[in-house]
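Please look over the chain shown below.

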Amino acid sequence: VPFRGEERVLFSHVLRQKFAGDTVELTIIREGERIRETVKTEPPPQLVPWYIYDVSPSYLIYAGMVFTPLSVPYLMSEYGHRWQRYAPVGLLESAMYGIMEDKEEEVVVLTQVMASDATEGYEDINNVKVLGYNGNPVKNLRHLVKMIEENDDKFSVFEVGNSPSSGMLLIIDAEQAEAEGESILKQHKIPERMSSDLKRWVKLGMPAVNDDRAAEADPSSSSNNVDDDSEDEDVTAAAKMAADQRKKA
């Protein structure tokens, strides 16, 4: 980009001077004709979120394998504030340069493999991207949950790796994984095999994203009846405590 006289600056420098919502006049040459257009700048949709506020992380545990969406807070928890230096290159590439091409797209990571008979030999695998399941690409964590829940094959085959060229296959006996699931959670003192948001979504019948949002917005929908029993217990306990206080008064 011209600067002073014959000096030039990088085009990226010009872009960095703009803020989201600014208007920019562009001169476009199309089929030999100059066209002037005014556009409003918007930040590119990041594939990996840099900030997560007031939301518990989603996770899934299957046969001792722990899956979660990739985020910068997760990388910081694993590798510290110098995560950009120590995290695997494949995860860094997604976090720093990944652009979301679909609104449901996210990077799913196999964070660790807990010791179990079903995953014997896989214990050293950690922090790798989940590329596919039973030959199908993984779009997001919910998609992986849905495929696992609906799997009728004898084996669960996970393709993992931080790049397609370095991928490997993890082959799990599906019946063994189902049989040992509860014992693995008990052994490692983990109360649930999936996060509360995924658990609730499964209870709803694993609807599509838009259907799920519509169900949450509809007060008459069944989504209001699938909350954990603990919420009802809390309400009952609170009512009883209030009654006791009134009697004392």
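The secondary structure of the protein chain comes to nine helices and nine strands. Helices (H or I, at least four residues) and strands (E, at least two) are DSSP runs, numbered from the N terminus. This is a predicted model, in which local features need pLDDT of at least 70 and side-chain atom pairs count only at pLDDT 80 or more, while totals for chains, interfaces and linings use all residues. Residues are numbered from 1 along each chain as its sequence is written, and side-chain values use heavy atoms, with hydrogens and water left out.

**The chain as a whole**

The protein chain has 249 residues, and 31% of them are buried. Buried means under 20% relative accessible area, exposed means over 50%, and partly exposed lies in between (1.4 Å probe, protein chains only). Of the contacts between residues at least 6 apart in sequence, 52% join residues at least 24 apart. Contact means heavy atoms within 4.5 Å.

**The largest pocket**

The largest pocket has a volume of about 1200 Å³. Its lining has 40 residues, and the closest to the pocket centre are Ser58, Pro69, Glu106, Arg142 and Asp197. On a 1 Å grid over the protein atoms alone, a pocket is an open set of points where a 1.4 Å probe fits, with protein on both sides within 12 Å along at least five of seven lines; lining residues have an atom within 4 Å of a point. Grid points are joined across faces, edges and corners, and the volume is the space filled by probe spheres set on the points.

Several elements supply at least two lining residues each: β4 (65-69), α2 (72-79), β5 (108-113), α5 (141-149), α7 (196-203) and α8 (209-217). By class, 20 lining residues are nonpolar, eight are polar and 12 are charged. Here Ala, Val, Leu, Ile, Met, Phe, Trp, Tyr, Cys and Pro count as nonpolar, Asp, Glu, Lys and Arg as charged, and the others, Gly among them, as polar.

Beyond residues up to four places away in sequence, Met65 touches Leu60, Leu110, Gln112, Val113, Thr119, Phe158, Leu170 and Ile172.

In α4, the residues Gly90, Leu91, Leu92, Ser94 and Ala95 are buried. They pack against α2, α3 (83-86), β5 and β6 (128-133). Ser94 belongs to this helix, which covers residues 89-97. Apart from residues up to four places away in sequence, Ser94 touches Leu47, Val48, Leu70, Val107 and Lys129.

Leu141 is in helix α5. Leaving aside neighbours within four places in sequence, Leu141 is in contact with Ser58, Tyr59, Leu60, Phe67, Thr68, Pro69, Glu106, Val108 and Leu198. Leu141 and Val108 are 33 residues apart in sequence, with their C-alpha atoms 5.9 Å apart in space. His143 is also placed in α5.

**Residues in loops**

Ala63 lies in the loop between β3 (60-62) and β4, and its phi is near 55°, a positive value in a residue other than glycine. Met206 is found in the loop between α7 and α8; phi of Met206 is near 55°, again positive in a residue other than glycine. Asp152 is in the loop between α5 and β8 (155-160). From Asp152 to Glu175 the C-alpha distance is 9.9 Å, and the two are 23 residues apart in sequence.

The table gives the relative accessible area of the single residues discussed above.

| Residue | Relative accessible area | Class |
|---|---|---|
| Leu141 | 1% | buried |
| Ala63 | 5% | buried |
| Ser94 | 8% | buried |
| Met206 | 14% | buried |
| His143 | 19% | buried |
| Asp152 | 76% | exposed |
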